[in-house]
Each structure stands twice: as structure tokens, then as C-alpha cells.
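These are my notebook entries on a single protein chain. I set down what I looked up, one topic at a time.

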Amino acid sequence: LLIVGLGLAVNGYSQSFLTNGDFELPGVGVGPGDMISQDNRAYAVSWIGLTNGSTFLPGWTVGGGGIYYHIANATPPSSLTVGGISTSGNYSLELDEWFASGDYRGGSISQNINNLRVGTNYYVFFDLIQPSLGPDSIVTVQIAAKSFPILNSTWNKWQTQSIPFTATASSMTLQFSTPQSTVPNIYLDNVRVSAVSNAPVVLSAKRTMGIKVDGNLGDTYHVE
């Protein structure tokens, strides 16, 4: 049992900064075995391909080589992804699209973070799976003009990442992208933004007066 002393204010994540951060919209409202059409193509309901320029996902614009919109409630948890295909709700994104045998093109999604206060510090949080830990699995997160290359510490396992930033405008662009020549099965879910008073708490092996937390050393947790 670990005790974590919190020297910070603890609030819930604000829902006003981003739209559809867990990709639950639009949803598809169909079941396994059905087909759906998008971008003039037909897909098995477990996933939908979205091409460059698509705004099928409310709040987000697709770029690069395109992405896949995965429907977890129609897809059994994959052996390649510990914990299944999503971490929040029934949907997640795969940040690539298949073009030919062995040819996967990196894709991107972007939207504006709104309602920011200039000079205030924030965090972007997101959940990520990468099938390998090489350069072709890097996810680049861009916040306005600053870029952050992200690799998990463990492959094929959901991990929560966080990036701090300071607002330089009331609205700043957020983008997630993969390399032009990438690998499949890079999944993204549960994107959210919080003020710095809601910074992540990393468990350490010490006891102080505070909030009791069960967890693993080195893992990052959000306490509400």
C-alpha cells in the first residue's frame, strides 16, 4: 500500500477545452457483421477508414495518409493490445492506414484546444499503444508550434502520457501524427486537457499524510 501526499489542487478534467476526446462520436449504431460506408468505401463494422481531410469524427480533422476508427464493442480484445482496443468507451483511433502489402502510411488528427487562459499552465493527457518502440512507432504531439515525440516505455500495452504546455493564445492547435512510413496498430484514445492544478501524480515508495492510493511504482495516476 502506498500513501501519496498531494501538494496541489485536485479538480476534475474540464470538458470545455476539447470536443470528442474519447472518440465516442459519431458512433455507428450497428452490430458485428454489418457493413458501413465512409469515404465511398465499404467496411466491416469493426473499423472504418478515414482519409485525409475527413471530418467524420466531430471536432477532429484527419490528415496525412489517413486513420482507422475502431469500434471496440464489435471487435474482441486483440492479442496485440493488452486491455482491449479502447480505454474509454467503445471507440479508439489507429493512426495509420494500409495502402499495400507492408506499406502503412502515417496519419494524423487535429483540433483546436479552446477556452484557454493566456499564461496559464495546462496538461494534455492521452492513452497510447505502440506495437514496437522504434522510430517508426513514434507519435508526434504538436501543440501550436511545439512538437513532442512520444514513445511508451512498454510495447503493446496501453499507457497514459502527459505533456505540459503554457497557453500563448485562447485557442491552440493540437495534433497527433505518426511517421510517413509507419507500422500498424498504433492506437490512441481518451485525449483530455486539464489545468496544471490537476497535474499527474507519480507513485513513489514513501509514506506521507495524504490520500491513500493502490498502484504500481512508476505509474502515473490522476486523483479526483
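**Entry 1: contacts of one aspartate.** I began with D127 and looked up its contacts, leaving aside neighbours within four places in sequence. D127 is in contact with T87, W158, Q159, T160, Y187, L188, D189, N190 and R192. I note here that the model is a predicted one. I then located D127 and found it in strand β10.

Is D127 buried or exposed? I found a relative accessible area of 5% for D127; because buried means under 20%, D127 counts as buried.

I next looked up the polar contacts of its side chain. One of 2.6 Å joins the side chain of D127 to that of T87. Another, of 3.3 Å, runs from the side chain of D127 to the side chain of R192.

**Entry 2: the chain as a whole.** I looked up the secondary structure and recorded 18 strands and 0 helices. The chain has 224 residues, and 45% of them are buried. Its accessible surface is about 10,700 Å², and carbon and sulfur atoms hold 51% of that area. I also looked up contacts with a separation of 6 or more: residues 24 or more positions apart account for 70% of them.

**Entry 3: aromatic pairs.** How many aromatic pairs does the chain hold? Counting rings whose centres lie within 6.5 Å, I recorded 7 aromatic pairs.

I examined F17 and Y122 among them. F17 sits in the loop between β1 (2–4) and β2 (35–38), while Y122 belongs to strand β10 (residues 121–129). The pair thus links distant parts of the chain, 105 residues apart. F17 is buried at a relative accessible area of 9%, and Y122 is buried at 3%.

I then turned to F56 and Y69. Their ring centres are 6.0 Å apart with planes at 75°, so this pair is edge-to-face. F56 lies in the loop between β4 (47–50) and β5 (61–64) and Y69 in strand β6 (residues 67–71), so the pair ties together parts 13 residues apart in sequence. F56 is partly exposed, with a relative accessible area of 22%, whereas Y69 is buried at 0%.

**Entry 4: a cluster.** Lastly, I recorded that F17, Y122 and F165 form one aromatic cluster.

How values were computed:
Residues numbered from 1 in each chain as written. Predicted model: local features only at pLDDT ≥ 70, side-chain atom pairs only at ≥ 80, totals over all residues. Heavy atoms only, no water. Phe/Tyr/Trp six-rings, centres within 6.5 Å; stacked < 30°, edge-to-face > 60°. Helix = DSSP H or I, 4+ residues; strand = E, 2+ residues; numbered from the N terminus. Buried < 20%, exposed > 50% of the residue type's maximum accessible area, 1.4 Å probe, protein only. Contact = heavy atoms within 4.5 Å. Areas by Shrake-Rupley, 256 points an atom, 1.4 Å probe, with all protein chains shown as cover. Polar contact = N/O pair within 3.5 Å; in protein donor to acceptor, adjacent residues only side chain to side chain.
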